[in-house]
Each structure stands twice: as C-alpha cells, then as structure tokens.
Amino acid sequence: MGQKQHLSTDSTTESKKKRRVNFSPTDSGVEANDCIQIYLVSSKEEAEAGTGHQIDPVDLNIFFGDDGKIYGYQGLKIVIWVSSLSFHAYTDITYESTADRGKGITDLKAVLQDMFAENIVEKKDDFFQTFSTEKQCISSAVSKGEILRQNTSNGNSDLNIEVIRLVMGDMSAGLLYSRLVPLVLLLVDGSNAIDVTDSNWEMYAIVQRTTDPQGDNPTKFLGFAAAYRFFHYPDSLRLRLSQILVLPPYQQKGYGRHLLELLNQVAISENVYDLTVEEPVESLQRIRYYIDVPRLLSHSSVKPAVDAVVSRLKEANLSKRTQTSQFLPPPAVVDDVRKSLKINKKQFTQCWEILVYLALSPVDKHMDNYRIFITDRVKATVIGKDSVTKEKRVIDIPNVLGEEAFVMYKSADTEDGTVTVDEDQANLQEQLQKLVDERIKEIEGIAQKILTKNHA
C-alpha cells in the first residue's frame, strides 16, 4: 500500500507540475511599415474622409529600434495626418489590447514625437484648427525670399508657379525648413537636416500662388531644393545641391526638373566655379543627363572635340591595342565647359560617353570599339578604387519621359558614386563585363530618349 501511495503521490505531483508550466506565446512584434499609414491632407474634410494623398516612406522601421518592430500591441493601427498647409501632424493610434510578453511595450508616443518633433499636435480638434489658423504659413515664410522664376509649370502660366530663394539664417526660412524636416526623415533613408543657422545654405522653394483676392486659397508648397555654397580657392564659390524634394501630390509634373534647371541658371548667372551634386542616385543622374547632354550638344567647343574622338574610334582597331585607350575630352574643353555651363568635370566626363555614342553613327558598325572605350572607362572609375557604393537615398517614381524620376535626394559628402569590385575574386572579368553591359544599356536608353525628344 505504501508503494502504491508513493506512486500515486508522484503521479499527482507530476500532473500539477505539468499544469503549472504554461508558457505565454513569444511576442514576435509587428513591423512599423505594416501598421502605419501616413496621409498628406489639405483640409479637415480630407483627413476625416481619408481622401488625402498617402505617403509611401522609404522605411518606417528605422524609427523603431534595431529590428524595426513594435512590441506589446494586438490589432495595432496608426494613422498619421500631415497638413500640406503647415506640415503639422496628428497621430491616431488604435489597438485591441496591450501586454508585455517579454519584449516590453513600445512607447509609441515617444517614437512619434521623435519623428515629428514640434510639428506634432496632440489633440485632433487642435490639428483641425491649424487648417484655418496656419493657412498662410507658406505665404508668410516665403514672403521675404527672392523670386527667381515665375510660371514654371511646363509653360502653363495659369498655375502661377514661382521659385523663391530663401537664405538660411533668416528666422522665417529656418522655420519653414524645420517644418519640412519630418518629411525629409520619412522620404529619405538615413537623412539629416541642414543647419538652418548657416547662411551658406540656400533653399529654393517652388510654390503655387493663390489668385483669390480674398486669400481664402493658401499658397501651395510643391517642393524645394537645398544647396550649399562652398569656398573655392582662391576667390570663388562652388554650388552643391544637397537635397531635392517634390511633395508626393505634385510629382510627375516636371517640378523637380525645373528646380535642377534653375540651379544651372543660378550657377551661370552668379558665376560660381561649378555646380555639383552630392553623389546623385541613378534616377537623379538620368535627369541630369537629359538636361546636360542637350546643353553640351549646343556648345561650340564640344562638337569639334567629339567629332575628333569619333573619327579616331571609327578608324582604330582597339581590340589590338596595347594600352588603355585615351578618348576623353581635352582638358581645355573640360575647363571651357566648366566656365561657361558650370558643368563639373565628373559630370561632363559621364555625359561625354553619351555624346560619343550619339555621334558614332551608325553606332552598330562601331560597337566593338565603343564597348572597349566604355570598358576602359569603367576600369578607370571602378577597378582598384578603395571605395564603396554610397547609400542611394531616394524614392523613385515614373515621370513624363518614361524613366524613373527622383522625389528627393540627400547624401553624405561626395559626388563620386563608385562601386567596389573585389579584385581577389576569380570572376573579376565577369563582374567587369556586367558593369560594362549595364553602362552601355543605360547610355542607349538615355540616347534614345534624347533623340526622341529632339525629333518630336
């Protein structure tokens, strides 16, 4: 009996132990990108109806820790409204329940406060009120700026478009840019705000003015470019484009290209040393090609230089060459282009490859030589460089040319976007040929667009 009782006791104890071991499910979290929606709205009615323009951020997860996840919520949904009149923001957070299942409960209020800073409005009614109290925010901010261009909307003067230059250091200019910082963070991967106290920074705002004499229709902010003036020894300045943004509702209308063209005009009219762009992403670089290649085609010193190189390419047999081919533009032409068009050497050299392609007619007959020319160019700019590809921070969208267009661009420090190829790898030649194929395909596409536009 004692033995049976002992067994019975052990059995009961084991059963209790099993009942007590009850593990809660691990909190796997939810990605911020999956539960947050952001809308750019121009009125209370748009916000309430959910009919504003939905913004597609580069990556919301970067605001939420190392793994980009939100923990402790069931059925979480966050809707953020951003006013297109003043850039104030309101966040509507709903969820079914909260529970700490080992990963804590994410402090949503603190994270969203970091994202929107002073722009955030805690109460919905106060946010709705900003549509009336802040409707002249843009008009007031740009009132002290210098109007550089009017009626720039693809020749449609009815829209009353203006580009206005604002110099940082001025309170109204700094306030306007500070209001835009959350959108910079949302739309640009790894972006940083510019120093609004540094007068070397300039903001080129593109706006649509109201024609209503009562002022009931506020000035619309369409986008901006931010450029910095660097000293160039001994007595000149270099203008460098650092950021460019067209707000999502106004994309695919040519405003970004207008800003780039305007900066070219500023560089020429104010006789800066040259105009550079901080490591342009591929989509932005294509827009630059569409602008700069036609400018170069019409430059008096460029055509003779291109013709001379094309003549050599047609006559040579580069497959039997014993050294790297030298078919770059003469230094005197490079300097002439910089002085007159303010196109820097690197940009001119990249455009040069397209100019040669366009002039090498019929190109198919001479493609072997052209490919060797491009191969040597890729080797010169890629192989052996102690560099890495910089992050390309942009949102790409289709534009009227059928190519991808930039929405915003911001990068770290240089314009020289290069790619590292591992020279120790056995497939180095295969990597090189892949880069050459990609470059030639890009050149062919750009050339075709330029030819189509010129013949339209």
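I take buried as under 20% relative accessible area, exposed as over 50% and partly exposed as in between, with a 1.4 Å probe and protein chains only. By that rule I noted Arg 371 as partly exposed, because its relative accessible area is 26%.

**Ground rules.** The model is predicted, so I kept local features at pLDDT of at least 70 and side-chain atom pairs at pLDDT 80 or more, while totals for chains, interfaces and linings use all residues. Residues are numbered from 1 along each chain as its sequence is written, and side-chain values use heavy atoms, leaving out hydrogens and water.

**Whole chain.** I looked up the secondary structure and got 14 helices and 17 strands; helices (H or I, at least four residues) and strands (E, at least two) are DSSP runs numbered from the N terminus. Of the 456 residues in the chain, 47% are buried.

**Arg 371 again.** I found its side chain in a salt bridge with Asp 437 (2.5 Å, N to O). The pair links distant parts of the chain, with Arg 371 in helix α13 (residues 367-381) and Asp 437 in helix α14 (residues 428-455), 66 residues apart. My cut-off for a salt bridge is a side-chain nitrogen of Lys or Arg within 4 Å of a carboxyl oxygen of Asp or Glu. Asp 437 counts as partly exposed, at 39% relative accessibility.

**Other salt bridges.** My search of the whole structure gave 19 of them. One joins the side chains of Arg 229 and Glu 202 at 2.7 Å, N to O. Here Arg 229 sits in strand β12 and Glu 202 in strand β11 (residues 201-208), 27 residues apart. Arg 229 counts as buried at 13% relative accessibility, and Glu 202 is buried too, at 6%.

Next I checked Arg 439 and Glu 442, whose closest N and O atoms are 2.7 Å apart. They are separated by about one helical turn because they lie 3 residues apart in helix α14. I also traced one network of salt bridges that share partners, joining Glu 146, Arg 165, Glu 202, Arg 229 and Glu 270.

**Ser 86.** I placed this residue in the loop between β6 (77-83) and β7 (89-94). Is Ser 86 buried or exposed? It is buried, with a relative accessible area of 0%. Leaving out residues up to four places away in sequence, Ser 86 touches Thr 130, Glu 134, Cys 137 and Arg 179, where contact means heavy atoms within 4.5 Å.

**Tyr 233.** I finished in the loop between β12 (220-232) and β13 (236-246), where Tyr 233 lies. Tyr 233 is exposed, with a relative accessible area of 68%.
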